[in-house]
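Hi there,

Here is the structure I promised to pass on to you. Please have a look, and then read my notes below.

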Amino acid sequence: MPQLDANIKDIVNQTVAPIGISPIRYFAQKFAKIPDLIKLTLGEPDFNVPEHVKQAAIESITANKSHYAPQKGILPLRQAISDYLDDRFGVHYDPENEVVVTVGATEAIFAAFGAILNPGDKVLIPTPTFSLYMAVVKLFGAIPVEIDTTADGFQLTGKHLQAVIDREGAENIKALVLNFPGNPTGFEYTRPQLEEIANVVRDQAMYVMTDEIYAELTYGQPHVSMAELLPGKSILVNGLSKSHAMTGYRVGYFVGPAEFIANATKVHGFAVTSVSNPAQYAALAALTTGRDDAKPMREAYQQRRDFVVAKLNELGYQPLKPAGAFYTFSKIPANFNLSSVEFAEKLAEEGKVGVTPGNCFGESGEGYFRISYAASMNDIQTAMERLAAFTEKLTQHA
């Protein structure tokens, strides 16, 4: 293999170098190497893509829809996104000027931040949360400000938000990030809770990036979009990965005010040009004839949630009962005297169950661990049996 020329200096971008890889992916890959491990690490549905969605992708290929798509995405899909958001959540976006189809929700987050952030800007991020936000904010030279929500049951309250704005200086803050239903907690905001946040943000010169990728996966609680409450300030991110088990198709989108979209489309276009046609036609089917495809998956997730939460409570881990998504976030008993990484590594190596350490989701996640119950019930049952045996062993030695 070729060796790097010794005369080359400063080969890395000094902003990128210290960020590191996704900690969630790091532990998932590390634990996957352990024989006989049951993986409850990644948030990837264990269901297959609905047949009619797959067929739509196949038909687009056989119909030779193989040329460059418009950078914002094919218009029928943008129209379907607009109609879906209007019907489901009562938010209204012009498909021509306010909707962009992206390579997954992750690229939507990247392009949106790239459109609004300047070096030194501050972005408020309630944690524990998806670690990608912190990494991308740093990538653009901005400053992530983590807001610890653990004392309030993983809810960002209006009072707490106002205190952080006062401390950091409103003039320095470019955006607030919301992720709900939440990864890793499964916390879902009610309308009054969102209105409390909206009342604080309404008079501030900042955006709200609202990542609602799990909006179709709520349990007995209707999802309310922040874009309904703050349409002129909201950058709404969503996609098909979680609702339709289309993680490998990589189709997401963001919507927002036309002035923001015009700038964000540039970042999106420079990064990826456009999304592949087969994936877009599959997404079109998912958002038209397949709007209810998530229902049987949601019902299965709810059964798994109830089983996992009951078992975790029996074992003394005190998880928040998730109102959405497909994760539990549980407290590691203090008498175990283990950090979140030590607990997860020990559980993987000795208990043969892969979970994600809580500190992967921000500093406030330390002392917790995440379980993804987007796995078969057989695997989940076996994993809980193994966790019970592992917990008993730890308790005996505590």
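**The sheet**

V208 has S234 in β7 as its bridge partner. The two strands involved, β6 (residues 207–211) and β7 (residues 234–239), pair in the parallel sense over 4 bridges; strands pair if DSSP finds at least two bridges between them. Strands (E, at least two residues) and helices (H or I, at least four) are DSSP runs, numbered from the N terminus.

Before going on, a word on the source: this is a predicted model, in which local features need pLDDT of at least 70 and side-chain atom pairs count only at pLDDT 80 or more, while totals for chains, interfaces and linings use all residues. Residues are numbered from 1 along each chain as its sequence is written, and side-chain values use heavy atoms, with hydrogens and water left out.

Back to the sheet: it is open, with 7 strands in the order β2-β8-β7-β6-β5-β3-β4 and mixed pairing. At its edges stand β2 (99–102) and β4 (143–148), each with a single partner strand, so one side of each has no neighbour in the sheet. From one strand to the next, the twist averages 20°. Helix α6 (residues 158–168) packs on this sheet and touches β3 (122–127), β4 and β5 (173–179); contact means heavy atoms within 4.5 Å. The direction of α6 makes about 145° with that of β4. Angles run from 0 to 180 degrees between N-to-C directions, and axes are lines fitted to C-alpha atoms, for helices over the stretch in contact.

**A helix pair**

Helix α2 (residues 51–62) packs with helix α10 (residues 277–287) at an angle of about 140°, their axes 8 Å apart. The two are therefore oblique to each other (under 35 degrees is roughly parallel, over 145 roughly antiparallel, 65 to 115 roughly perpendicular, and the rest oblique). On the α2 side, H52, V53, A56, A57, S60 and I61 meet N277, P278, Y281, A282, A285 and A286 in α10.

**Two buried residues**

G104 lies in helix α4 (residues 104–116) and counts as buried at 0% relative accessibility. Buried means under 20% relative accessible area, exposed over 50%, and partly exposed in between (1.4 Å probe, protein chains only). Leaving aside residues up to four places away in sequence, G104 touches R250, V251 and G252. Its C-alpha atom is 7.9 Å from that of L240, 136 residues apart along the chain.

M297, in helix α11 (residues 294–314), is buried too, with a relative accessible area of 6%. Apart from residues up to four places away in sequence, M297 touches F47, N48, P50, S243, H244 and A245.

Best wishes
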